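Hi,

Here is the model I promised to pass on.

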Amino acid sequence: MSQGAETTPPMSVSADDVEVLNLTKAFGSNRALKGINLTIRGGEFVGLMGPNGAGKSTLLKILAGVYSATSGEIRLGARSVPSLGGNPGVGFIHQDLGLAEGLTIAENMSLGAPPKRLVGPILNKRAEREEATRALTRVGLDRDVNTMLSELTAGEKALVAIARLFGRGAQILIVDETTSTLSPPEANRLITSLAAAAKNGVTVVVVSHKLHEILEATERVVVLIDGAIVADEPTKGLDRAALVELLRQQETAGSVHTGSTAEGSAEDLIELRDVQVGKLDPINLTLKAGEVVGISGMVASGLHEIAYAVNGNLKPKHGRVVLLRPGLKRALVPPHRETQGCFGGLSVRENMAVAALPRWRSLSRILNRRRETLDCETMVRDLSVQPPELDQHFDVLSGGNKQKVIFGRALLRQPDVYVLCEPTRGVDVGTRSEIYRLIRGLANNGAAVLVASSDAEDLLSVCDKSAIIVGNTLRPFRPTAELDASEMELMV
Amino acid sequence: MSQDFGTSTPPAEVSPTQSDGAPLRQDSPRSISALGTGLGKRVVESGLSFVAFILLFAGFGIWLRGNFLNIDARLLDIHQNVPILLMSLAALTTLIAGAFDLSIAGVADLSCYLAVGLVVKQHFPFALIVVICIAVGLVIGFINGVLVERLHMNPFIATLAMGTLCEGVAAVYSGGVLINPSGGTAQLPKWFLDLGSYQHKAPEWLIAISLPVAAIAIFFALDHVHPQGWSQKRWIGAKLLLLGVLALLLVFVFRLSRWLSGTSWLILVLLIAALLLWLLFEYTTFGRQVRAIGSNREAATLVGLPVRRQVVKTFMLGGALAALAGIAFAATQGSASPGVADTALLPAFAGAFLSTVILSRGRFTVPGTIIGGIFVVWIGTALIIGGVSSNWTDVVNGVILIMAVGFATVMRRKA
């Protein structure tokens, strides 16, 4: 935090310096950013870290101009700007690279750039190709620019996206978790390429969960937790263990462990026998009544595929998902709230009731609207959804309240097994601990719960036993309390 | 990205006192602000287009007076457009599920030909013919559903081709000419022709029953806009007062009795079909699941709904309604001519899209479809009465549909 104050004296402010002054952002009453002060000098290579929901993506979205800040200022080279987006000198790389698979490298590079023309509407393809080739050499990618994008590996595509930004004169690169979906060698290649660019005077900000990437390549580390910067120091001389400890200590706060794991005689409800999904190795897993089981891993590790298989949405390639109780009911809280959980145009009531409709069906097959409304009202009250109006459009709710309604949807179904993906993604601290308490309550009432989350806090806070996906393997389950720091590091 | 954007902005305007996770305080100021912004906005948003239509109607009434404000003539308009309105309902069913079916015109054509042709050429009993027509609609809907849902064909091309195919079959069956039961040939049953004629009205007792039912329905429907903080006693009083005023208005200003006595059999068929469809979509598991599927298919899958099966069912339902529309065409015309339903495809879809803004906030509804369809018809007629040459009919219709649906779309985006 103190870093911000040091910047005010008029040291030489170069045109590529980015300053963020006292930036805040609130979604309703949820304060996602609580006064961020950050100065990034031209040519610096900065790593931005923090657990999910810490505000990293909110900060980046404000910088990109997707959100507008509630208060505060952004400066680029001492000039106050509303955002860095739209400025050709600043380039953003997201997980979605914004490239077209069906076009060649050269065509992708010229997408969105002012067209170079020969005569009238006729394009100068030669000039486009030459420019693309020049840009590719800057990122060290040795590929013919006529190659179709679909023939490239994921890492090469990321390099093309970066080359495209360089081709447009970007001097500042902001890279958001692009490495999390890459294989380790490709991720390394990307980081090396970024480090080389930083040496040549380009400013690079990288958001990553991978400690070694940050520690080996960057010059400076900024750690964001709960919307505030808690550490901002040079990477050199930074203790790896201290960084892990810092990330971890924040995450275990608010644990609701009750240690009710001791019952050995609990009923088995679902069993995965040598189940193979996605690129993962076969998985064996048993969910017991009254137990909360957690699995974690990188976002693209196949974590959620396991959850889908347990919930019956995804048919495993091999192996079987065995239901051990007749008429067993399952309910899922999906990982991506907006695209997978929301029925936007429908009301809160309809969103909640959709999975449990047969409950309110009378003999005539007509739904009993009164009983449905009563049950939904009770649920809205129990989960303290705000505002507590059932006929409200679902879209109007804030993220945390949407998540509560989606939980309510699962609860109304009264399932034996809950499959919860990223249960606390994008919710504020208060809701987070409410959700943990809720999950604990479900297990105490005899349900089996599977938590599939890339957020280590979820596992540490409510899971009785946990396992991590490393590479393509789900490691053996261990009681969460016994997980050690090195395993923690794999999670964050 | 736009997803995130859309969801990030609204919370700020919900209410400043809202707090994630804070226990609800009954006396907090937000209950008042919800009444002021939430409920009020909701009513205004969903009622605006309806009011606009009423004003337009009143405007034409003031301009054209008796020529336009003629209850019998306006009911005749509805009567003649019952087949199109039925096709609107057919279009609506698949639209609610997030799909669409362009074959409904073809199905209606084929069904119209079958209804007349099977009498004239094959001498089938008419009840059987109705069953055959509906069955054909169901089968074609099923094929459409399988093509789109199982084989993952592009719905645009699959249903368009299926519609053309139906018209082709109709042409082959009829030899491409008008089938008109005349003189020597077998006649359409008299009750069927009566059904299609405007002169034959629905019986009074049916109307007499439906009135109190409607009153009770409105009484309970009003509970949706129950202001928070009003006591039950006060609310019931307010509702009764509102109903009374409404009844007086309808009886003395809008001449309710003449509207009712002018209701023809065909209009009654339309109303019953609409009522059943409304019940299906609002009060059954099927309807609610279909709405969820139409709102977010992926989420519906993850919730565990039988998505593909339900969508195929909506195609079948749409096919059956289109077939019913074909029978209605046969009833109003007493004959079957080539491409009778072709020009109805656009108005049918327009009516369905209009429903998203009529007494509704962005969702497809059955009552909205009927009301929107009727108003579009009336405005077209008003312009013709007002002196626009009948050669301009299609131009006028096109302009009205574009304006109405454009208005609907703009309103929906704002809401």
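Of the 492 residues in chain A, 50% are buried (20 or more other C-beta atoms within 10 Å of the residue's own; 12 or fewer is exposed, anything in between is partly exposed, and C-beta atoms are placed from the backbone). Bear in mind that this is a predicted model, where local features need pLDDT of at least 70 and side-chain atom pairs count only at pLDDT 80 or more, while totals for chains, interfaces and linings use all residues. Residues are numbered from 1 along each chain as its sequence is written, with chains lettered from A and ligands numbered from 1 in the order in which they are written.

On confidence, the model comes with ipTM 0.76 and pTM 0.74. Chain B has an average pLDDT of 81, and 87% of its residues score at least 70 (pLDDT is the predictor's confidence in each residue, from 0 to 100). Residues 1-37 of chain B are where to be careful: pLDDT is below 50 there, although the stretch has 59 contacts in the model beyond near neighbours in sequence. A contact here means two C-beta atoms, placed from the backbone, within 7 Å.

Now the layout of chain A. There are two domains, domain 1 (2-251) and domain 2 (260-491), with bounds from an automatic or database domain assignment. Their C-alpha centres are 33 Å apart. Chain A contains 16 helices and 20 strands, taken as DSSP runs (H or I, at least four residues, for helices; E, at least two, for strands) and numbered from the N terminus. Among contacts in chain A with a separation of 6 or more, 69% join residues 24 or more positions apart.

What about the inside? In soluble globular proteins, nonpolar side chains tend to be buried together. The largest nonpolar core here has 172 residues, and V449(A), L86(B), M87(B) and A325(B) have the most contacts inside it. By core I mean a set of buried Ala, Val, Leu, Ile, Met, Phe, Trp, Tyr and Cys residues joined through C-beta atoms within 7 Å. The biggest contribution to this core, 17 residues, comes from helix α16 (residues 307-333) of chain B. Apart from it there is another core, of 67 residues, which includes F27(A) and I214(A). If you zoom in on V449(A), its contacts outside four places in sequence are V292(A), V293(A), Y418(A), L420(A), I439(A), L442(A) and A443(A).

There is also an open four-stranded sheet in chain A, ordered β2-β1-β4-β5 with antiparallel pairing (two strands pair if DSSP finds at least two bridges between them). Its edges are β2 (30-40) and β5 (79-81) of chain A. Strand β4 (residues 71-76) of chain A is joined to β5(A) by three bridges, and I74(A) sits opposite V81(A). Helix α2 (residues 56-64) of chain A lies across β1 (18-27), β2 and β4, at about 65° to β2(A); axes are lines fitted to C-alpha atoms, for helices over the stretch in contact, and angles run from 0 to 180 degrees between N-to-C directions.

Most residues other than glycine have a negative phi, and most peptide bonds are trans. Q386(A) and P387(A) are joined by a cis peptide bond, with omega about -10°, and P387(A) is in the loop between α12 (369-382) and α13 (399-412) of chain A. S384(A), also found in the loop between α12 and α13, has a positive phi near 45°. Q414(A) has a positive phi too, about 50°, and is exposed, with 11 C-beta neighbours inside 10 Å.

Cheers
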